[in-house]
Every structure is written in structure tokens, then in C-alpha cells.
Amino acid sequence: MVLTFIDKTGASVLSALDTAGDFATLAGRTFAAIFKRPFDGKNLLNQFQAVGVHSLPVVILTSVAVSMVFAVQLAFGFRQFQAEGLASQVEGLAIVRELGPVITGLMLSGRIGSAMAAELGTMQVTEQIDALECLATDPIHYLFVPRFLAAIVVVPLLTVVSIYVGFWGGYMILVGVEGQSAYVYGHEFYKLLAFRDLRIALYKAFVFGMIISLVGCWRGYRTQGGAEGVGNAPTSSVVTSSLWILISDFFLTKLLLV
Amino acid sequence: MALIDVVNLSKAFGPKVVLSNVNLQVQEGESLVVLGGSGTGKTVLLRNIMGLLTPDSGHVAIEGKIIAQLSRKELFKVRQSIGMCFQMAALFDSMTVFENVAFGLRRHLEITEDEVQARVEECLSLVGMKGTDKLKPAELSGGMKRRVGFARAIALKPKILLFDEPTTGLDPVMTDVIGRVILDLKHELGVTTITITHDLKSAFEIADRIALLFRGECIACEPPAAFKVNPHPVIQQFLRGDADGPFLQDPPPPKRRTQEAHP
């Protein structure tokens with residue numbers, strides 16, 4: 001029984017290392033392929049549209065919703081200590097440092113990461129990726145690179161949008177419902193913040209963009225087993241990238257706040 | 001020197017041996033047809049030739065270059081001289097027919113858009129698909145998709161064309177159409193072809209030589225006339241299309257007697 005346990009544990013460790021190695025190899029090949037020719041501008045623009053423009057509504061809606069809920073909780077909490085004035089300061093701190101990048105990252109892992117996994121997965125099982133290889137085209141260069149570049153540019157931009165929208169979400173609750181002064185809210189929102197906080201948010205969004213695109217493309221590229229495999233690829237992509245967004249958020253926060 | 005040289009090629013997936021010491025040589029301009037039952041490694045053979053799979057032992061050489069030993073850059077150079085026609089066409093479904101056929105031209109040749117247009121039209125008319133350039137693959141029938149796949153494969157004027165079961169799943173008329181298109185391509189372009197098919201009629205029309213894969217081994221590779229009279233029981237059973245014989249590993253259930261019609 002002990003041997004079986006050791007055997008199984010060893011097999012799991014080897015399998016995990018194998019998976020990590022495979023991801024690292026494909027990520028490395030993506031970085032290496034960024035500057036290779038030919039440059040496909042049309043493909044890149046299509047990805048900017050798919051990743052960026054089409055994701056705008058979902059980012060706006062979730063950012064408004066989360067910032068409003070957060071403002072309600074803060075107003076209620078600080079009211080217990082007669083410190084309502086602090087609500088807008090903490091709202092600003094939370095939205096810029098955490099909620100903006102993390103909510104954008106999580107929503108985009110669901111929207112664009114899953115779409116990348118499903119698209120590449122379908123291409124894999126219908127031999128379209130083999131067809132690319134046969135047409136002397138590197139699938140990493142043609143499929144991964146434009147998605148990767150679009151994600152690392154678009155996720156930070158959408159994070160800025162999320163922060164901006166989050167400001168107005170908090171405004172609606174704290175000024176509109178709780179009756180704080182609009183001038184005070186506008187002033188207090190930025191009181192605890194420095195430019196460094198926005199920079200940290202953008203660094204985080206950049207890393208989240210890398211995670212979302214690389215995990216989405218990797219899961220799609222490694223799809224096996226027909227319709228079932230194509231069905232599993234987006235699910236697995238969303239779970240994996242969400243997990244890594246949250247884990248990397250912790251380490252980035254610890255690292256960048258020092 | 002043979003244009004395509006398959007030497008002692010073996011490939012297994014886990015415990016399942018798919019190809020075992022296969023040897024085939026295809027000369028320039030020759031047309032080889034590979035026959036064999038389902039799961040006997042025909043597609044695996046083509047994938048090894050294209051470098052999509054790496055052999056466990058043995059090798060494939062194209063014009064003397066061993067595919068498995070080439071760098072990615074060298075492999076892509078060799079692949080530009082090979083056109084691969086997939087079983088289910090494998091067209092890029094987000095692109096139109098025109099964009100599919102133009103794909104290789106735009107990526108590998110520094111030619112103007114007018115020249116691309118002219119070459120795409122030429123390729124589409126060679127396979128009888130003129131006027132379909134604005135359609136998406138989803139709007140095409142199975143036979144049309146395969147012909148567009150042929151057009152995409154010949155766009156870069158390859159020296160070698162590989163056809164992976166081009167007629168599987170098509171009605172007999174469309175099967176004949178595809179057979180004729182392959183024959184036309186062979187005569188008009190003078191390319192070297194390897195065709196995997198189950199369709200004996202077109203196989204005998206297309207082939208300069210016919211090979212039969214049986215349980216991962218190549219048991220015959222000879223001109224059609226010699227192949228037809230080869231006494232090997234597996235070949236004769238395959239040509240008869242009979243379930244009884246050594247071809248199947250699991251013997252089929254005995255044939256039921258058909259009910260006599262009512263008087």
C-alpha cells in the first residue's frame with residue numbers, strides 16, 4: 001500500500017512537471033517567435049478587435065457592479081465607526097490596486113482565454129493546425145503571437161477603463177445614495193494613492209494578459225479527443241488562468257509594494 | 001535517387017505498432033497509390049513524410065534530405081515543395097475559399113495582390129471550382145471542400161502532392177470527379193503523387209505503382225497490372241472486397257442467408 005502511494009505520488013509529480021515543462025516550452029517558443037517574419041498586421045488587428053473592442057462591455061459592466069457593491073459594503077462598515085469619510089479613500093485604494101486589474105483579468109480569462117482555447121482546440125481536432133504546418137507556417141508564430149501581443153496590450157488598457165468605470169460606480173453609491181459631497185469624493189478617492197499604484201496595476205494587468213493568452217492558446221493547442229476535448233479546453237483554460245491570476249496577484253503585490 | 005525514400009520506417013503509439021519496417025521509394029513524376037484497411041498506418045505514413053510525426057526508427061528522405069534531421073527552418077523549406085491534401089480538407093474555416101488558396105502565396109512569395117488573384121483563379125479552375133472564391137468552407141459540400149483543399153495544396157507549385165483518402169465519405173459520382181481531378185493534376189502539373197485511397201477504381205486509374213499496407217507492413221508495391229494478379233491472399237481478398245479471409249484480425253460473423261422474396 002505504501003509503495004502504491006509512493007508510486008502514484010511519483011507519477012503525479014512527473015505528470016505535473018511534464019505539463020509545466022510543456023507550457024514553458026510553448027511560452028518560450030512564443031517569446032522567440034515575436035520578432036520572426038513575416039509580420040501579419042491584419043491578423044494582429046483582428047485579434048485587437050476580438051480581445052479588446054469586444055471585451056469592453058463585459059469589463060464595464062463587471063467593474064461598475066463590483067465597485068458599487070464594494071462602495072455599499074464600505075459605507076455600511078465605516079458607518080459603524082462614524083468614519084464614512086474613509087469609504088471613498090478605501091474605495092480608491094481597492095479599485096486601483098486590486099479590483100481593477102484582478103476583475104479585468106478574471107473576466108478576460110473567461111471571455112478571451114476560453115475563446116482562444118476553443119478556437120485553437122477546434123483547429124487542432126479538424127487538422128487546421130496540421131494544415132498550417134504543411135503550408136510551412138509555424139502555428140506558434142501565426143496563432144500564438146498575435147493573441148499574445150493583443151492580450152498584453154489590451155488587458156492593461158481595459159484595466160485603466162475598469163479603474164475609470166470603478167470610480168463612477170463608487171460615485172453612484174457614495175455620492176448618489178450615501179449623500180457624500182461630489183467634491184469630497186473626487187478628492188478623497190485619490191488621497192491614499194500615488195502614481196506608483198497605477199503603475200503596479202498596469203504591471204499586474206500586463207502579467208495577467210500574458211497568463212490569459214498563453215494558457216488559452218496552450219490549452220487549445222494541446223486539445224485531443226474530438227468534441228469532448230474541444231469542450232474541455234475552454235473550461236480548463238479558464239480554471240488554470242484564473243488560478244494563476246490570483247496566485248501571481250499575491251506575489252506581484254508582495255513584490256511591487258516593497 | 002528516389003524523390004521520396006522511406007527506409008525501414010517504424011512508428012508505434014504506446015503498445016500499438018502502426019508501421020513496422022516500411023520501405024518505399026517514389027521516383028520523380030511517379031504516382032504511388034497506397035491501399036490498406038482502416039488503422040493500418042496509411043495516414044501515419046503520410047504524416048511521417050510531412051514531418052508531422054517523428055519515426056521511432058528508420059527515416060523518410062525527400063530529395064536526399066532526412067526529414068527528422070532537419071531544423072524547423074529547413075523543414076519548412078522542404079514543406080513548401082510538398083502539397084498535402086487532407087482527408088476532410090482541413091480548410092481554415094474563418095477564411096473564404098480565396099483566402100484559403102491564397103494563404104501560402106501571401107506568406108511565402110513576394111508577389112503582388114494581382115498576381116495572387118491570378119494564381120488563385122488558376123488553381124481553382126484547375127480543380128473545377130472557379131467562381132467559389134467568396135464562399136466560406138461551411139457553405140461547401142464535402143467534395144467541393146476537398147477540391148478547394150487540392151487548390152490550396154497546388155498553389156505554391158509543389159513537386160510532390162500527397163492525398164490522404166480524398167474520396168472517403170463521398171458519393172460514387174463525386175468519387176469519380178475527385179479521381180478525375182487527381183488525374184488531371186498529375187498530367188497537367190507533372191508532379192509526384194502519393195495517394196491513399198480505398199477506392200479501387202480511381203486507384204487503378206491514378207497509379208503507376210500500388211502499395212498495400214497490411215498490419216503496419218508493406219506487403220506489395222508494384223504496377224497495377226502485376227498488383228491485380230498478385231496471388232497473395234490478403235491482396236486478393238482486398239481486391240474482392242470480401243469479409244472472409246486473412247485480412248481481418250477478428251473473423252466476422254458468418255454471412256446470413258438473405259430471405260427469399262415472396263412469390
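Guide: The following account begins with one residue and then widens to its chain. This is a predicted model, in which local features need pLDDT of at least 70 and side-chain atom pairs count only at pLDDT 80 or more, while totals for chains, interfaces and linings use all residues. Residues are numbered from 1 along each chain as its sequence is written, and chains are lettered from A and ligands numbered from 1 in the order in which they are written.

Helices (H or I, at least four residues) and strands (E, at least two) are DSSP runs, numbered from the N terminus. B:Asn21 counts as partly exposed because it has 13 C-beta neighbours inside 10 Å; a residue is buried with 20 or more other C-beta atoms within 10 Å of its own, exposed with 12 or fewer, and partly exposed in between, with C-beta atoms placed from the backbone. Leaving aside residues up to four places away in sequence, B:Asn21 touches B:Asn8, B:Ser10, B:Gly58 and B:Glu217. Such a contact requires that the C-beta atoms of two residues, placed from the backbone, lie within 7 Å. B:Leu45 is 24 residues from B:Asn21 along the chain, and their C-alpha atoms are separated by 11 Å.

Turning to the whole chain, chain B contains nine helices and ten strands. Of its 263 residues, 41% count as buried. Among contacts in chain B between residues at least 6 apart in sequence, 64% join residues at least 24 apart. The C-alpha atoms of chain B fill a box of roughly 65 × 55 × 35 Å along the principal axes.
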